[in-house]
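This report describes one protein model together with its ligands. It begins with a single residue and then turns to the wider arrangement.

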Amino acid sequence: MKKIQFWVISESSEPRTLDREEGSGPMMLATISKKYGFSNQIYQASWFGNKAGLILKKIQEENPEIVAFSIYSGGISLLRDILSALPKSKTILLGGPGVTIDAPALFPEMKQYNFERLVMIAGEAEQPFERLFVRNDWQKIPEIYFADREGSQTGKFNTLKNMDDKPFPDLGGSELRKYCEEVLADARNHSIVEVAEAVKILQHAYIESRRGCINHCAFCSEPELSVRGVRRNSVKRTIEEIKYLYETFGITFFNFSDNIAFDNAEWWLGFVAELAQYSPRNLLQFGGFGTPKINVKDIWLNKVFPELSKVGFSFITLGVQAGSKRILRDIINRPADDPENALVIVKKLIPLGVNVKTDFIVGHPTETVGDLQEEESWIQQIYQCGGVVSARRLNVMPHSKYEELLQQGWLALPEKTAGSEAIIARILAYHADASQYKKLLNEMNRIPNLHFIDRSTGLRFPKLNWSKELLREQVKLVKHLPELIRYRYQVLFDRMLSQ
Ligand code: B12
Ligand code: SF4
């Protein structure tokens, strides 16, 4: 059988055991290559320490007919190292956000590597990728950038008109999932943490229901990656994908990767109605991104969120991005959004058992000590009400509005002073604060939905600090799980009880 090997190359440096960052793009493309008789392997460069030598060794070992790279902008220099050392007889495919954002500039450089055949696809690749398997005259496919020894042609930016035309992702080629299965099969020789991590990874998948974004935040490069506006899957198609992933791979944890998943009340009410008909719904959990501005409306607070929480809605990440109204409106270009909305949502959702994470960025152009104080005060209130805070320093993204305005001198980054740095340090200390879960458990007497494996029996994902008694009590509930996923949790509980 012919092989295609996908490599996701970003600046990420997460090791394999902790990593859940596989590319969704390759998973979707893998379904297409599989349909045409190829076997897929999907790797992440970070598992090999982002070392070109180790990656090249893996490519040589497996010797695939096609090597396909899914590129993030931060991975371009590693890609260069790999391409300059790969045998020229290989067929190379390039795609992903790092290609999409820079395709016309990148192509002249890429074709100089002189591969037997090199294809670059900018934008959404499903349709042009499929054409590669049905046609031999690649030089005549107008959607692709193509180069061989004879010559080259430039392609174009591709989008999918109907989101329901996407294939379901094939998780079977994921080397991470294969590794996790091996960990479970040999659980005795792995630590409890490794076994628990393997179970978490095996139950998890990204799911995409929308492409594009309605906002144009100045720090973000997303507006450059897609067409204007939002395109959605139909509800029916989304539920079919959930069923497929559960029934084929035992996925129970669905992470909507959409820029803003919770954007349309009607769509989600339709989703609730469909999912409520599906019998394994008590095992399923899902969540994704929302914006405070949209989700603060009555229909969301009093209807959509409460309904969603009954069918497995477990987490939402609110992109607040700044704690100052002035920065949000004038600098980021998020008019009408504000952290007060986020606080309202936190107060509503925490009692429903939904985890709320709020994203904040510090270091926006023109940010003053006053802006930071305002931000800190909102963060404190959100935290007090049980919200999780994610805070990071601004990293100016290539091709973002910020980059342009900073380069042209229209905006300036704030000066670092002792006063501002002290507040920033306090804000960053909230980031990923692990004690928040304990607070919810002890002070608020609440187990977030996120911690249940089966909401109908009360079976929870076991914790390292559980007593043997609690473990024995909970393991009795494992037998009620469907066979498809029972094995994973039995292995984990057994490993914990044998300690
Ligand atoms: C969800 C998400 C994540 C998730 C999950 C990532 C995942 N599963 O891939 C998490 C949180 C883990 C994550 C992490 C990171 N992310 Co992220 N993420 C996203 C987000 C919101 C959606 C990605 C997604 O799943 N899209 C759906 C799939 C189907 O699209 P896709 O993977 O791009 O694939 C399509 C095309 O790109 C193309 N394609 C992809 N690969 C290939 C390969 C070949 C050979 C071909 C021909 C085509 C092709 O075809 C696919 C189908 O159309 C995007 C923004 C966005 N809306 O795209 C940011 C985004 C992709 N992430 C970004 C970044 C920077 C990162 C990190 C590097 C952050 C960090 N500093 O650690 C890491 C790297 C992750 C990694 N895999 O190494 C940037 C990339 C910017 C850039 N120019 O490179 C984006 C665009 C956000 C932004 N605007 O800043 N991310
Ligand atoms: S930060 Fe989020 S909401 Fe803003 S433009 Fe980027 S993807 Fe859209």
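## A residue of helix H16

Glu376 belongs to helix H16, which covers residues 369–384. The model is a predicted one. With 19 other C-beta atoms within 10 Å, Glu376 is partly exposed, because the count for a buried residue is 20 or more. Leaving aside residues up to four places away in sequence, Glu376 touches Ile423, Arg426 and Ile427. Its C-alpha atom is also 9.7 Å from that of Ser324, although 52 residues separate Glu376 and Ser324 in sequence.

## A residue of strand E1

Lys3 is part of strand E1, residues 2–9. Lys3 is partly exposed, with 16 other C-beta atoms within 10 Å. Its contacts, not counting residues up to four places away in sequence, are Phe38, Ser39, Gln41, Glu62, Pro64 and Glu65. Between the C-alpha atoms of Lys3 and Val67 the separation is 8.7 Å, for two residues that are 64 apart along the chain.

## Overall fold and dimensions

The secondary structure of the protein consists of 21 helices and 19 strands. Its radius of gyration is 24 Å, close to the 23 Å given by the globule rule for 499 residues, so the protein is as compact as a globular protein of that length. Along the principal axes, the C-alpha atoms fill a box of roughly 70 × 60 × 45 Å.

Of the 499 residues, 40% count as buried. Where contacts join residues at least 6 apart in sequence, 77% of them link residues at least 24 apart.

## Domains and their contact

The domain assignment gives domain 1 (2–163) and domain 2 (208–451). The C-alpha centres of domain 1 and domain 2 are 31 Å apart. Where the domains meet, seven residues of domain 1 are in contact with 12 residues of domain 2. The side of domain 1 that touches domain 2 has three nonpolar, four polar and no charged residues.

In soluble globular proteins, nonpolar side chains tend to be buried together. In this model the largest nonpolar core has 110 residues, and those with the most contacts inside it are Val119, Met120, Phe254 and Phe360. Domain 1 (2–163) and domain 2 (208–451) each contribute at least three residues to this core. A second, separate core has 17 residues, including Leu176, Ile453, Tyr489 and Phe493.

What does Met120 touch, not counting residues up to four places away in sequence? The contacts of Met120 are Leu94, Gly95, Val99, Ala103, Phe107, Met110, Ile144, Tyr145 and Gly155.

## The surroundings of ligand 2

The residues surrounding ligand 2 are Cys213, Asn215, His216, Cys217, Cys220, Glu222, Pro223, Asn259, Ile260 and Gly319. By class, the shell around ligand 2 has five nonpolar, four polar and one charged residues.

## Loop residues with positive phi

Asn114 is located in the loop between helix H5 (103–111) and strand E5 (117–120). Its phi is near 65 degrees, a positive value in a residue other than glycine. Is Asn114 buried or exposed? Asn114 is exposed, with 11 other C-beta atoms within 10 Å, because a count of 12 or fewer places a residue in that class.

Ala336 occupies the loop between helix H14 (325–332) and helix H15 (339–349). Phi of Ala336 is near 75 degrees, which is again a positive value in a residue other than glycine. Ala336 is exposed, with 10 other C-beta atoms within 10 Å.

Conventions:
Residues are numbered from 1 along each chain as its sequence is written. Chains are lettered from A and ligands numbered from 1 in the order in which they are written. This is a predicted model: local features need pLDDT of at least 70, side-chain atom pairs count only at pLDDT 80 or more; totals for chains, interfaces and linings use all residues. Helices (H or I, at least four residues) and strands (E, at least two) are DSSP runs, numbered from the N terminus. The radius of gyration is taken over C-alpha atoms; the globule rule is 2.2 Å times the number of residues to the power 0.38. Two residues are in contact if their C-beta atoms, placed from the backbone, lie within 7 Å. A nonpolar core is a set of buried Ala, Val, Leu, Ile, Met, Phe, Trp, Tyr and Cys residues joined through C-beta atoms within 7 Å. Domain bounds come from an automatic or database domain assignment. A residue is near a molecule or strand if its C-beta atom, placed from the backbone, lies within 6 Å of it. Ala, Val, Leu, Ile, Met, Phe, Trp, Tyr, Cys and Pro count as nonpolar, Asp, Glu, Lys and Arg as charged, and the others, Gly among them, as polar.
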